[in-house]
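Hello,

Here is the structure I promised to pass on to you. Have a look at it first, and then read my notes below.

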Amino acid sequence: MSLTLRYKANTSVPVEVEGLTPSAVRGLSVSEIERFEIFNGNRKLPLAEFFDVSGDSADGRIEFLGNLSGVHWIGAKMSEGEIHVRGDVGRHVGSEMTGGTIHVHGNASDWVGGEMHGGLIHVHGNAGHLIGSAYRGSKVGMTAGTILVDGSVGNEVGLTLRRGLVAIGGACGDFVGFNMAAGTVLVFGQCGNRPAAGMRRGTVGLFGGTPPTLLVSFRKSGVFKPLFLQLIFRQLQSLGFAVPSDCWTANYSLYSGDHVALGRGEVLIRETTAS
Amino acid sequence: MSTAYFKIAGGTVYDPVHGVDGERRDIWIRDGKIVAAPSDPDVRPDRTLDAAGLVVMPGGIDMHCHIAGPKVNTARKMRPEEKRKADKVVRTSTTRSGTMGSVPSTFATGYKYAGMGYTTAFDAAIPPLAARHVHEEFEDTPCIDKGFFVLMGNNHYVMQSIHRKEPERLRSFIAWLLGAAKGYTPKLVNPGGVEVWKQLQGGNVHGLDENVAHFDVTPRQIIEQVSRAVDQLRLPHSVHIHANNLGMPGNWRTTLETMKALGDSRGHLSHIQFHSYGGGEADENTFNSKVVELAEYVDAHPNITVDVGQVLFGETTTMTADGPLGYYLSNSFGNKWFSSDTEMESGCGITPIEYKNTSLVHSLQWAIGLEWYLLAKDPWRVVMSTDHPNGGSFLAYPEIVQLLMDRTYREETLKHVHPAVLERSTLAGLTREYSLYEICIITRSGPARILGLANKGHLGPGADADITIYTPNDDKKVMFELPRVVIKSGVVIVDQGEVREPVNGKLLYVAPEWDVSIETDLAAWFEKYYSVRFRNYPIPLDYLHEPEEVACR
């Protein structure tokens with residue numbers, strides 16, 4: 001039986017579990033894990049004050065249960081193993097993680113996979129702003145890994161992305177792919193204002209029903225069926241992410257830009273009339 | 001006056017001012033000052049610190065750093081990505097929390113200086129308009145005595161007075177401005193060049209005789225006139241100069257011309273390493289060291305002093321009143337950039353950079369800094385600095401001490417820098433190793449003498465009881481990183497690396513006299529051009545924490 005942490009606290013003060021990763025607790029007894037110190041606001045307290053701890057940590061898998069919307073930094077900096085969150089979760093899930101897998105069976109707040117460097121995060125519900133983004137001030141954001149969100153997300157997805165794949169099943173807010181240096185962001189639902197603004201390189205795919213208006217600093221280069229999208233779609237399907245059937249056969253308009261920046265990025269917009 | 005004595009007993013004392021080179025001595029302290037041993041043999045100290053086997057030196061003095069004011073604060077705010085990953089300074093029962101990185105927060109700055117055995121630091125570039133902010137930040141920078149140099153090299157009133165050939169007005173204005181800001185000495189940063197940058201897109205001056213439009217003055221005139229005025233005012237420190245063309249290949253000629261422009265006047269050339277480059281104009285392929293030529297000139301001219309501005313490899317944040325330089329660095333490194341225009345007074349540029357040992361330019365900068373320490377014959381006129389944080393953090397001083405005292409370590413480090421350093425500098429052939437006595441000079445006694453601080457940099461009667469006690473160690477970096485005890489004004493503030501009692505530290509300022517008749521003209525000038533009313537500009541003495549006037553010479 002995997003290690004199970006059932007949230008029992010009722011506090012409006014943020015609970016931060018940074019450092020509580022599968023490798024950090026592997027091999028520890030339940031009583032040792034209960035004494036693991038986490039932050040509640042500016043107070044450092046034992047984990048047992050907030051969670052009922054049970055199970056065995058040996059298999060490198062942690063199950064978080066309950067309404068964890070006030071619990072932040074779950075899986076931050078993890079390098080291996082699996083985390084499953086059954087319920088809503090707070091900010092910074094999988095922040096700076098380098099490996100392993102996180103599944104959120106609920107909704108996640110902002111900063112999912114902030115400056116992620118490897119591994120997989122799959123949010124099966126909705127997520128907040130700044131998914132797979134650089135933290136404020138950073139020259140480089142997410143550098144590797146995959147983030148999948150089945151539902152909708154907020155603004156600034158993939159901010160300053162350097163490498164890796166972010167796929168959003170539902171709608172997204174404004175400024176998707178803002179200041180991207182490279183990497184791939186695909187949005188299968190509606191998209192907000194100013195997509196890919198300031199992008200230097202990389203790919204932003206906007207596959208929702210009504211194409212958004214691109215900034216004037218993007219130039220249309222043609223319409224085609226990119227083969228690489230088929231490969232990415234296959235990869236997404238293999239990870240359990242639903243790719244709409246019409247995306248497989250659609251034509252895609254290619255725009256280059258953002259020409260106020262380096263201008264080597266590409267935006268792919270699904271043509272609504274299939275070939 | 002208290003009768004309580006504090007005695008540091010039996011330490012191995014280094015006090016170059018009095019020619020004491022590693023002799024076993026007692027030091028007596030009373031009321032925060034070092035005093036002569038009581039003549040009455042029955043007098044017993046209230047407290048004795050057994051320093052037998054330990055090295056005792058005056059507290060360190062950093063005479064050129066950037067630790068307060070708007071540029072420093074902007075740099076702090078500009079680097080959240082660095083702050084997040086840097087060490088944290090955790091709150092204790094006696095100390096406040098803080099952040100590190102290349103630009104530590106205020107309290108952390110004080111604690112870290114003290115933890116390294118430094119008890120005095122001068123911020124090198126303050127626009128007088130921002131002096132109030134600086135004093136407020138200084139109050140939150142504990143453990144060290146502080147002062148600052150006042151930016152005047154591009155001040156409109158200064159340039160106007162020079163243009164009108166009114167040396168008396170210039171002298172009075174300098175005295176008034178120092179008194180208004182409660183500063184220490186005039187600072188010239190790229191004299192004239194910053195004004196041209198503010199006037200023209202991409203503007204700058206590239207030599208001492210280029211004209212600064214509108215004011216119709218040259219950098220040479222600014223250097224000559226201000227240095228002369230400083231000497232006439234008998235300020236404790238000379239004019240403090242960041243010369244034109246910082247960082248540019250071939251700039252050594254400008255530096256030499258700047259030294260010559262001083263004539264017989266005193267002048268301190270700051271971060272001289274950044275001004276000692278040979279090579280063609282803007283051509284990095286011919287970039288090389290010209291320390292031999294410049295050090296020879298400095299050796300022969302006792303009116304000139306320098307601090308080095310050593311570069312250390314790694315990330316840092318550059319901040320300078322040299323606006324065009326900030327723009328140049330931002331373009332070179334492709335990093336975010338902050339620029340500002342301080343009304344009638346100055347400019348400012350801030351950008352993060354990284355010095356890499358794989359880079360020829362950066363490796364040469366590192367080597368040129370070390371050449372200055374090792375080639376200059378008179379250690380009393382060469383001061384250790386990193387131009388914190390421009391060349392590196394002040395926390396790198398122990399590393400520099402080891403590079404200077406341990407030739408084997410230096411040669412080993414040299415193997416890991418760009419190989420062309422061997423041909424383009426003389427560093428590989430320099431065998432000199434510093435003694436503890438010489439280290440004491442370039443980190444304490446020398447800067448105190450250059451700054452005109454009669455009560456600092458020595459351990460004789462009358463000196464401030466700012467004392468650092470080290471545990472001897474063959475690894476000099478370890479020795480200087482973690483002093484055994486640091487004493488500030490007679491109080492033990494650091495014990496084995498831990499801050500015990502973070503005293504506030506004094507504010508060191510000068511108060512030269514000026515001709516009050518200029519105030520009528522000044523008031524009109526302020527009302528016409530400044531965003532601050534004339535009457536609100538000067539900072540009253542009661543606004544300062546623990547002010548101490550340093551007498552003019």
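Two residues are in contact here if their C-beta atoms, placed from the backbone, lie within 7 Å. Please keep in mind that this is a predicted model.

Let's start with a helix pair in chain B. Helix α10 (residues 291-300) of chain B packs against helix α12 (residues 360-375) of chain B at an angle of about 35°, and their axes are 10 Å apart. The crossing of α10(B) past α12(B) is right-handed. Which residues meet there? From α10(B) come B:Val291, B:Val292 and B:Ala295, and they meet B:Ile368, B:Glu371, B:Trp372 and B:Leu375 in α12(B). By class, this contact has six nonpolar residues, one charged and no polar.

Chain B also has an open sheet of three strands, with antiparallel pairing in the order β17-β19-β18. Its edge strands, β17 (314-320) and β18 (338-342) of chain B, each pair on one side only. From one strand to the next, the twist averages 15°. Helix α1 (residues 70-78) of chain B packs on this sheet and touches β17, β18 and β19 of chain B; its direction makes about 40° with that of β19(B). Between β18(B) and β19 (residues 346-355) of chain B there are five bridges, and B:Ser340 has B:Cys348 in β19(B) as its bridge partner.

Now for chain A. Four strands form an open sheet in the order β4-β3-β2-β7 (chain A), with mixed pairing. Because β4 (43-46) and β7 (71-72) of chain A stand at the edges with a single partner strand each, one side of each is left without a neighbour in the sheet.

Enjoy exploring!

How values were computed. Residues are numbered from 1 along each chain as its sequence is written. Chains are lettered from A and ligands numbered from 1 in the order in which they are written. This is a predicted model: local features need pLDDT of at least 70, side-chain atom pairs count only at pLDDT 80 or more; totals for chains, interfaces and linings use all residues. Two strands pair if DSSP finds at least two bridges between them. Helices (H or I, at least four residues) and strands (E, at least two) are DSSP runs, numbered from the N terminus. Axes are lines fitted to C-alpha atoms, for helices over the stretch in contact, and angles run from 0 to 180 degrees between N-to-C directions. A crossing is left-handed if the near helix is turned anticlockwise from the far one by less than a right angle, and right-handed if clockwise. Ala, Val, Leu, Ile, Met, Phe, Trp, Tyr, Cys and Pro count as nonpolar, Asp, Glu, Lys and Arg as charged, and the others, Gly among them, as polar.
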